[in-house]
Amino acid sequence: MTDATQSPAAAKPRRRRARRIAQGLGATTAVLVVVAAGLGAWYYQRLDHNITTFAPEGIATSRPPVAPPAPTGGRPVNVLLLGSDTRSGGNDDLGGGDVGVGHSDTAILLHVYADHKHAVGVSIPRDTLVTIPPCRLADGRWTTARTNQMFNSAFTIGEFENGNPACTQNTVEELTGLRVDHTLVVDFKGFASITEAVGGVDVCVPNDVDSYGIHLTKGRQTVAGQQAVDYVRARHGLGDSSDIGRMRRQQAFMSSLIGKVQKDGFDLTTLLPLTDAATKSLTVDPDLGSPYKLAEFAQSLQNIKLGDIQFVTLPWRFQGARVAIVQPDASILWNLLRQDRTLDGHLTDDPARPSAGPSGDPSADSSAGASASASPDASTGPSAGSSPGAGNTDVSIVIHNAAKSGGLAGRTELALRGNGYRDITVGGNSPARSTTLIEYAPDLRPAAERLAQLYPGAELRAASGGNALTLTLGQDRVGADTPDPGSSPGAIPSAIPDGITGNTRAADSDLCSDLSFG
């Protein structure tokens, strides 16, 4: 019998049952919503509790300017990624050694271009000799600047339990003239948990390793947890046991991890443990100190494809057991990034940018370099109309002659005026020195690097106070009175130097390619 043939009396019980079912479904749905909301709030609180931030008081007050937005509206972002080798908090189980404050033995400055579709990660060798600027101690006092220091020692200043990422951030800004927008630090435990949460990461080990408690087998394999930590930490037993080879393996590992995330994606059963592991392991700057801010930041990177990511090692050379920075290559690298240009000297949306195959590796055709048309002029470069601290030619320069070569300072003044500088003072003679020296106040670092491009091999040294650069000419300028022909401050050279192209690795390179130095 159909409902249409039912009597009104028979239809009433059926309608009552329907109302009761609907009410029951509504109540169940409401309960599910409440439970879901409760779990969401609980989980958010859990993640929020996981995250550790470092104190903003330790961040320098005199900093490079925030990168200006591109004509398209986006803005470049610089992210400092640090791996801490601290043994505190149970990390000695994974890293071995004594419990205590560690160093930042892994450091990658990730430059995300304004289009947020391209990125380059610059590895900074742990043994690089740098100037560590004043850093804040636990009692609120500030240290004095320290020259000729190993880069990774900045993390230990003040002996904070979780290290001093603010000091390392200050050091990177001093070194590069780039503003670091965000800093993230991960320790051994967190790194191991992340690799386990993603189900392991594909790597290639160039040879068997059985030393310093690290045991790895040659060849392609998937590593997670302790093995993943060992892979990125291993130095002895691979190549010449230097940090340079280790950085190349770290770059390959990061590429593989990014590739897996982009390829596989994650459902909730994977995403939740990964999020939990990541937040537990991170110490971040105050601007990333909540799950919402971290998620928003991660979402801003989702359109960067693996083939549009490059890694490059800061141009380097061995100086005894340490690493010295090669100039002017390093200054050119920082200048490229300050201008938001790729490693081949072009803007990301430049139709003239040469194609270098599927990886987009500019080193595949380094002879092409950057065309003259790609070089910014005084009106289009990022320094146009900015302060001297941003690196333009309005900065004051005081010239001293330490080369004991008559008339050198005067000839240098004329050459600098020909390169666009106007406020120049010729000072007296200085005690003899072999190499040219450029001294600068911290906020004039970009201008000093720009000037250094005219004097390859010049030493850069931070000095306190002052509103001028001090150029002390060494004996290396005798017979080379003028800056290099064709140079102009801040310009991109016609060919990118080998210190950049020879140290570049495309993120989509084969896992086993160029992994071991020496």
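At roughly what angle do the axes of helix α4 (residues 188–197) and helix α5 (residues 226–233) cross?

A: Roughly 120 degrees, with the axes of α4 and α5 coming within 8 Å. An axis here is a line fitted to C-alpha atoms, for helices over the stretch in contact, and angles run from 0 to 180 degrees between N-to-C directions. The crossing of α4 and α5 is right-handed, meaning that the near helix is turned clockwise from the far one by less than a right angle, anticlockwise being left-handed. On the α4 side the contact (heavy atoms within 4.5 Å) is made by F188, F191, A192 and T195, and on the α5 side by A228, V229, V232 and R233. Sort those residues by type and you get six nonpolar, one polar and one charged; Ala, Val, Leu, Ile, Met, Phe, Trp, Tyr, Cys and Pro count as nonpolar, Asp, Glu, Lys and Arg as charged, and the others, Gly among them, as polar.

A word on what you're looking at: this is a predicted model, where local features need pLDDT of at least 70 and side-chain atom pairs count only at pLDDT 80 or more, while totals for chains, interfaces and linings use all residues. Residues are numbered from 1 along each chain as its sequence is written, and side-chain values use heavy atoms, with hydrogens and water left out. Helices (H or I, at least four residues) and strands (E, at least two) are DSSP runs numbered from the N terminus.

V209 belongs to strand β9 (residues 209–211) and is buried, because its relative accessible area is 4%; buried means under 20%, exposed over 50%, partly exposed in between (1.4 Å probe, protein chains only). S242 is in the loop between α5 and α6 (243–264), and S242 is buried too, at 10% relative accessibility. From S242 to R322 the C-alpha distance is 9.8 Å, with the two 80 residues apart in sequence.

Now to the sheets. Eight strands form an open, mixed one in the order β1-β12-β7-β2-β3-β4-β13-β21. Its edges are β1 (52–53) and β21 (504–506), each of which pairs on one side only; two strands pair if DSSP finds at least two bridges between them.

Inside that order, β2 (residues 77–84) and β7 (residues 182–186) run parallel over five bridges, with G83 opposite V186 in β7. Helix α3 lies across β2, β3 (104–112) and β7, at about 130 degrees to β2. E173 sits in α3, which covers residues 165–176, and counts as buried because its relative accessibility is 4%. Leaving out residues up to four places away in sequence, E173 touches R63, P64, L178, R179 and V180.

Move along to β4 and you'll find five of its five residues buried. A119, G121 and S123 point one way from β4, and V120 and V122 the other. On one side, β3 joins β4 antiparallel through five bridges, with V112 opposite A119. Six residues separate the strands in that hairpin, where H116 takes a positive phi near 55 degrees. β4 also pairs with β13, this time in the parallel sense over five bridges, and A119 stands opposite I309 there. Helix α9 (residues 329–338) lies across β3, β4 (119–123) and β13 (309–313), running at about 150 degrees to β4.

There's also an open sheet of five strands, again with mixed pairing, ordered β17-β16-β20-β18-β19. β17 (424–429) and β19 (459–462) are at its edges with a single partner strand each, so one side of each has no neighbour in the sheet. From one strand to the next, the twist averages 20 degrees. β18 (residues 437–440) pairs with β19 in the parallel sense over four bridges, and E439 stands opposite R461. Packed on this sheet is helix α11 (residues 445–452), which touches β16 (396–401), β18, β19 and β20 (468–473) and makes about 165 degrees with the direction of β18.
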